[in-house]
Amino acid sequence: MTPVVEKIGTAVDDWVAAHHSQLVTTRRHLHAHPELAFAEFETTAFLEQRLRANGLAPRRLATGTGLVCEVGSGDPVVVLRADIDALPLADLKDVPYASTRDGLCHACGHDVHTTVLLGVLIALSTLDGLPGTVRAVFQPAEETLPGGASEVVASGVLDGASRAFALHCDPSVPAGKIGLRTGAITAACDRLDVTLTGPGGHTARPQLTVDLVDALGRLITDLPALLSRQVDPRSGMSLVWGAVNAGIAANAIPQRGHLRGTVRVLDRDAWKDAEDLLRSLVERVAATTGAEVDVDYVRGVPPVVNDPRAVALLRAAALETVGSDHVVLSPQSMGGEDFGWFADVMPIALARLGTHGGGAPLDLHRGTFDVDERAIGVGVRLMARTAMHALEADAAPARTGRPAPGDTSARRAVDERREPQDELHRPDRG
């Protein structure tokens with residue numbers, strides 16, 4: 001840890017200790033006032049007011065909701081991102097800060113993510129001597145497909161930055177702990193809708209028509225099995241059906257049937273080819289039944305693949321924030337997270353913020369979800385330190401002497417020189 005990182009980290013620690021109650025109040029306000037994707041107008045206005053009150057100059061995103069705001073000056077530029085939208089779920093908690101809006105709830109922790117990033121900006125704005133610029137993106141519409149992050153990337157908001165970091169609440173990890181993982185940490189998630197049609201008929205004479213229910217059954221069972229033999233098992237691709245509909249009467253073969261499911265994959269290259277592969281497999285299976293088939297494939301979000309060097313920077317910050325005993329390996333999740341779009345233009349890393357405060361885990365995307373609010377301060381301290389480590393690591397000209405945290409360039413150079421001659425380092429060996 002350099003003197004600059006240590007000084008700023010200690011100052012942020014002090015700021016968090018002095019402002020814990022304000023952070024909790026902010027999170028509870030956001031939790032009580034959830035808004036859906038691209039409708040986060042009150043949330044955006046609230047954040048804008050808080051940032052301006054602290055001498056900062058936030059700018060609205062081109063999407064109409066969400067903000068970008070910078071603290072510090074000059075190069076390098078590091079991005080921190082939080083998502084601000086809520087879910088169309090009823091809040092089932094009996095707490096003073098329960099949602100005030102029927103059918104809407106912050107059931108994925110976005111209120112925590114937003115509070116953490118707001119705290120980082122305000123804390124850093126009180127300090128001098130930042131070694132570059134921290135660019136905060138309060139992103140709308142994470143809970144939609146293909147996700148608001150794709151529009152952030154397309155708008156150029158990330159231009160000029162060297163890398164981006166985010167965190168996500170994890171109710172399976174105790175508050176005070178941080179989960180990290182190199183490589184894929186979340187999966188791509190696409191939606192597959194299949195419609196089958198036929199002439200219909202009587203169940204007494206299925207040989208005279210196209211039995212759509214039987215055809216749907218073949219797709220339900222055959223398609224996932226075929227998929228497992230068409231892609232590398234290491235890609236983690238899976239198809240799971242979530243809905244099937246056909247017919248009404250027990251003795252009538254219907255004329256139309258529907259299947260809906262999700263395709264998830266951990267490998268980005270495999271994800272790029274997933275649509276063509278699934279369309280081909282659906283058509284092949286349907287052809288054996290005689291049914292007419294229509295496929296609607298909606299590409300969703302890419303996998304979040306954590307860059308090794310960015311994770312090393314996160315790890316350095318996490319060790320300083322919570323200590324080695326509280327930094328854990330985060331398992332891969334087959335859930336989707338649109339932060340993966342940021343990897344189109346820069347290295348990224350997503351950390352897991354432990355939020356479990358005891359008792360039965362409160363899972364994400366449920367109306368009962370809540371957090372141990374002590375995690376908020378941990379998140380502020382982690383992300384502020386991560387930004388400082390990244391700014392110092394990415395500063396130009398490169399420093400001589402001991403490498404910065406996460407600087408693996410020397411080791412990569414050695415590996416690249418050795419790998420062509422070293423059979424043991426070939427990745428395809430069994």
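The model is predicted. A search of the whole structure finds three cavities of 30 Å³ or more and 26 salt bridges, while the largest nonpolar core has 65 residues.

**Cavities**

- Sorted by class, the lining of the largest cavity comprises six nonpolar residues, one polar residue and one charged residue.

**Salt bridges**

- Asp13 is paired with Arg385 in a salt bridge whose closest N and O atoms are 2.7 Å apart. Because Asp13 belongs to helix H1 (residues 3-18) and Arg385 to helix H9 (residues 374-394), this pair ties together parts that are 372 residues apart in sequence. Arg385 itself is buried, with a relative accessible area of 6%.
- Glu337 sits in the loop between strand S15 (327-329) and strand S16 (348-356), whereas Arg81 is in strand S3, so the pair ties together parts that are 256 residues apart in sequence. Both of these residues, Glu337 and Arg81, are buried.
- The side chains of Asp193 and Arg191 meet in a salt bridge at 3.6 Å, N to O. Asp193 is buried at a relative accessible area of 16%, because buried means under 20%, whereas Arg191, at 28%, counts as partly exposed.
- Salt bridges that share partners also link Arg27, Arg28, Asp111, Asp370 and Glu373 into one network.

**Nonpolar cores**

- Within the largest nonpolar core, of 65 residues, those with the most contacts inside it are Leu124, Phe138, Phe165, Leu382 and Met388. Helix H9 contributes the largest share of this core, namely twelve residues.
- Another core, of 53 residues, lies apart from the largest one and includes Leu158, Leu227, Ala274 and Leu350.

**Two individual residues**

- His31, in helix H2 (residues 20-32), is buried with a relative accessible area of 0%. Leaving out residues up to four places away in sequence, His31 touches Asp91, Lys93, Tyr97, Ala98, Ser99, His106, Asp111 and Phe369. One of these contacts, Asp111, is also a member of the salt-bridge network described above.
- Leu226, found in helix H6 (residues 212-227), is partly exposed, with a relative accessible area of 28%. With residues up to four places away in sequence not counted, Leu226 touches Leu281 and Val285. Leu226 and Val285 are 59 residues apart in sequence, and their C-alpha atoms are 9.6 Å apart in space.

How values were computed. Residues are numbered from 1 along each chain as its sequence is written. This is a predicted model: local features need pLDDT of at least 70, side-chain atom pairs count only at pLDDT 80 or more; totals for chains, interfaces and linings use all residues. Side-chain values use heavy atoms; hydrogens and water are left out. On a 1 Å grid over the protein atoms alone, a cavity is a set of points where a 1.4 Å probe fits but cannot get out, and a pocket is an open set with protein on both sides within 12 Å along at least five of seven lines; lining residues have an atom within 4 Å of a point. Grid points are joined across faces, edges and corners, and a volume is the space filled by probe spheres set on the points. Ala, Val, Leu, Ile, Met, Phe, Trp, Tyr, Cys and Pro count as nonpolar, Asp, Glu, Lys and Arg as charged, and the others, Gly among them, as polar. A salt bridge is a side-chain nitrogen of Lys or Arg within 4 Å of a carboxyl oxygen of Asp or Glu. Helices (H or I, at least four residues) and strands (E, at least two) are DSSP runs, numbered from the N terminus. Buried means under 20% relative accessible area, exposed over 50%, partly exposed in between (1.4 Å probe, protein chains only). A nonpolar core is a set of buried Ala, Val, Leu, Ile, Met, Phe, Trp, Tyr and Cys residues joined through side-chain atoms within 4.5 Å. Contact means heavy atoms within 4.5 Å.
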